[in-house]
Amino acid sequence: MGEPETPVPDSGAVFTFGKTKFAENMPSKFWFKNDIPMYLSCGDEHTAVVTGNNKLYMFGSNNWGQLGLGSRAAVKKPTCVKALKPEKVQLAACGRNHTLVLTAVGNVYAAGGNNEGQLGLGDTEERNTFHRISFFTSQHNIKQLSAGSNTSAALSEDGRLFMWGDNSEGQIGLNNVINVCVPHQVNFGKPISWISCGYYHSAFITMDGELYTFGEAESGKLGLPKELLINHRTPQLVAGIPEKVLQVACGGDHTAVLTEKAVYTFGLGQFGQLGLGTFIFETSEPKVIEQIKHQKITYISCGENHTALITDIGLMYTFGDGRHGKLGLGLENFANQFFPIVCSEFLRFTVQLVACGGCQTLVFASPRINVVGGSDFNQ
Amino acid sequence: ASEASEVQTTDSDEVVVAALPQKRPADSEKMRIEIVSLAFCPEAAVLADDSVQQVYVEYKFHDLPLSETETPMSLRKPRAGEEIHFHFSKVIDLDPLEQQGRRQFLFAMLQAQDPRQGHLKFTVVSDPLDEAARECEEVGYAYLELWQVLESGRDVVEQELEIVSPEDQDVVIGRLKVSLQAAAVLHSIYQEMTEDLWS
Ligand SMILES: [Mg+2]
Ligand SMILES: [Mg+2]
């Protein structure tokens with residue numbers, strides 16, 4: 001028998017699924033005393049949590065020093081990065097084996113694997129503590145960070161996109177180089193509003209709501225017709241999505257897109273990560289997930305081989321590779337899911353944040369109030 | 001190492017863990033079976049057979065209902081050279097006190113003289129799209145030798161089993177990838193049962 005469970009406080013808890021290193025990789029949850037999560041990010045096997053008090057907590061695999069805690073030992077419990085405490089942490093992005101952090105004064109820090117220069121520090125030596133990327137100053141006004149497999153991106157308020165790291169597939173949008181070790185502005189005619197780095201491909205949205213993809217061309221994950229794939233090293237418009245695009249998430253070999261009307265997916269779906277059913281295992285043509293058309297989706301996240309969606313009423317759907325329990329659908333019996341499945345654990349919660357990684361999913365959710373069986377039940 | 005232990009304790013008092021992980025049964029009291037993936041040989045007749053559109057995989061395990069030991073979904077029939085992925089993983093409770101029947105069932109497999117009884121049999125089944133029109137049909141069988149697991153003491157990790165035709169079991173029509181975590185429990189069962197025999 002386990003210990004009696006402490007009830008989740010009204011302020012909510014972070015739920016862990018899959019290979020997180022937390023709680024022996026069993027589904028579990030934790031929360032902070034006098035603090036709440038504001039932002040979650042997952043790498044291949046590591047996790048970052050940024051809190052309302054602007055602290056950064058890290059845990060998981062640490063082979064490359066990607067937790068930035070001054071060692072390379074795996075960490076099983078969320079651990080505050082004290083070195084960043086003097087600056088308020090605002091955002092974090094976990095790549096496959098590195099981590100980027102933005103602080104309130106506009107500094108960007110990086111730690112972890114650096115074999116392609118993804119730390120942006122001018123070399124390819126890994127770091128196990130956070131080092132400031134001197135390129136960025138408060139003038140850059142960074143509003144979003146993203147990190148892939150050895151790639152990094154930072155997006156400014158005024159729509160300038162900076163990328164660095166691995167460019168072997170053109171995934172940082174440069175034509176003639178294999179990699180770059182310092183941030184480099186992706187010159188594009190229009191201001192950009194959102195960036196997502198997948199494992200070997202990337203996608204951004206322009207402020208007028210167009211979707212562009214670039215990087216590895218295989219398996220349809222760029223959402224482009226065959227004749228355009230020759231130019232895969234340059235961002236190209238995904239014309240197959242007629243509406244205004246709000247958000248894009250790139251996984252290992254798939255891409256999910258949230259528009260004003262629907263969720264589209266494309267790329268490889270051999271494990272169900274497209275959510276398009278049991279007959280479509282690959283598509284280069286963006287397709288609407290019909291199953292959840294009646295739901296209003298507000299957020300999407302892609303891990304290497306799985307996908308999670310949050311609805312406007314705080315429900316969560318997951319689909320894709322079910323190994324390690326990362327879909328949040330059970331304790332020890334798993335299967336791939338080829339259609340979106342509502343996570344029943346969160347029917348009694350409002351899901352606020354989700355982050356999918358290589359083998360794990362992190363969810364921040366708070367108890368629903370005024371539901372039957374909740375606090376009103378005894379009245 | 002000193003750095004690591006310092007790291008582990010830093011600020012951990014600010015983090016509340018809901019509960020310690022539940023105590024899980026020891027490896028000698030459970031087994032895990034995973035149906036990973038399936039592919040057909042390019043020359044297999046089933047590839048060209050239009051009556052087979054989607055398939056699932058099942059196995060029988062003592063008292064467990066088939067609904068628990070068949071892949072929860074049927075997937076589109078793989079094309080030539082394609083692999084379809086179920087990742088259907090199930091943990092079976094083999095508690096020595098509560099699940100003697102299941103332990104006996106496994107022991108009988110380990111002891112079987114007849115090779116057809118000494119393995120776990122997986123069946124690939126064709127699931128008709130129009131359920132009213134046709135019955136589910138068996139497309140192929142794959143066999144996992146349990147004795148090998150006991151003898152080697154090693155779990156099976158993504159092993160490819162031959163899928164043979166139901167009409168002629170000498171004809172290989174594809175490959176079924178499975179995993180089996182059972183080395184510890186098979187050892188425990190064999191010891192327990194053979195002790196009983198001789199005491
Ligand atoms: Mg995976
Ligand atoms: Mg069925």
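This is a predicted model: local features need pLDDT of at least 70, side-chain atom pairs count only at pLDDT 80 or more; totals for chains, interfaces and linings use all residues.

Trainee: What makes N25(A) partly exposed?

Mentor: Buried needs a value under 20% and exposed one over 50%. N25(A) comes out at 31%, so it falls in between. You'll find N25(A) in the loop between β1 and β2 of chain A. Its phi is near 65 degrees, a positive value in a residue other than glycine.

Trainee: Why is E24(A) called exposed?

Mentor: The cut-off for exposed is over 50%, and E24(A) has 54%, so it passes. E24(A) sits in the loop between β1 (13-18) and β2 of chain A. E24(A) has a positive phi too, about 55 degrees, although it is not a glycine.

Trainee: How do you know that N305(A) is buried?

Mentor: Its relative accessible area is 11%. Buried means under 20%, so N305(A) qualifies. N305(A) lies in the loop between β23 (297-302) and β24 (306-311) of chain A.

Trainee: Which residues is N305(A) in contact with, leaving aside neighbours within four places in sequence?

Mentor: Those are H254(A), F271(A), Q273(A), G320(A) and D321(A). D321(A) turns up again in a network of salt bridges, along with R323(A), K326(A) and E158(B).

Trainee: On to cysteines. How many disulfides does a search of the whole structure find?

Mentor: The search gives 0 disulfides over all chains.

Trainee: Are C197(A) and C250(A) buried or exposed?

Mentor: C197(A) has 6% relative accessibility, so under the 20% limit it counts as buried. C250(A) also has 6%, and therefore it counts as buried.

Trainee: Salt bridges next. What makes R96(A) and D44(A) a salt bridge?

Mentor: Their side chains meet at 3.7 Å, N to O.

Trainee: What about R160(A) and D158(A)?

Mentor: The closest N and O atoms of R160(A) and D158(A) are 3.3 Å apart, and with a limit of 4 Å that makes a salt bridge. R160(A) is partly exposed at 29%, and D158(A) is partly exposed at 46%. In chain B, E34(B) forms a salt bridge with R32(B), the closest N and O atoms being 3.3 Å apart; both of those residues are buried. Over all chains the count is 20 salt bridges.

Trainee: How many salt bridges are there between chain A and chain B?

Mentor: The count there is 2. E14(B) and K55(A) meet in a salt bridge at 3.1 Å, N to O. With a 4 Å limit, that distance counts.

Trainee: How much area do chain A and chain B bury between them?

Mentor: About 3,700 Å², with 58% of it on carbon and sulfur atoms. On the chain A side, K77(A), F279(A) and F281(A) lose the most area to chain B, together 16% of what that side buries. The contact takes 47 residues from chain A and 38 residues from chain B.

Trainee: How many residue pairs are in polar contact across that interface?

Mentor: There are 15, taking pairs with both residues at pLDDT 80 or more. On chain A, β2 (28-32), β6 (75-80) and β26 (337-342) each supply at least two residues to the side touching chain B. β6(A) gives the most, with 6 residues. That side of chain A divides into 23 nonpolar, 11 polar and 13 charged residues.

Conventions: Residues are numbered from 1 along each chain as its sequence is written. Chains are lettered from A and ligands numbered from 1 in the order in which they are written. Side-chain values use heavy atoms; hydrogens and water are left out. A disulfide is a pair of cysteine sulfur atoms within 2.5 Å. Buried means under 20% relative accessible area, exposed over 50%, partly exposed in between (1.4 Å probe, protein chains only). Contact means heavy atoms within 4.5 Å. Buried area is the accessible area (1.4 Å probe) that two parts lose on being put together, summed over both. A polar contact is a pair of N or O atoms within 3.5 Å; within protein, one must be able to donate a hydrogen and the other to accept it, and residues adjacent in sequence count only if both atoms are side-chain atoms. Helices (H or I, at least four residues) and strands (E, at least two) are DSSP runs, numbered from the N terminus. Ala, Val, Leu, Ile, Met, Phe, Trp, Tyr, Cys and Pro count as nonpolar, Asp, Glu, Lys and Arg as charged, and the others, Gly among them, as polar.
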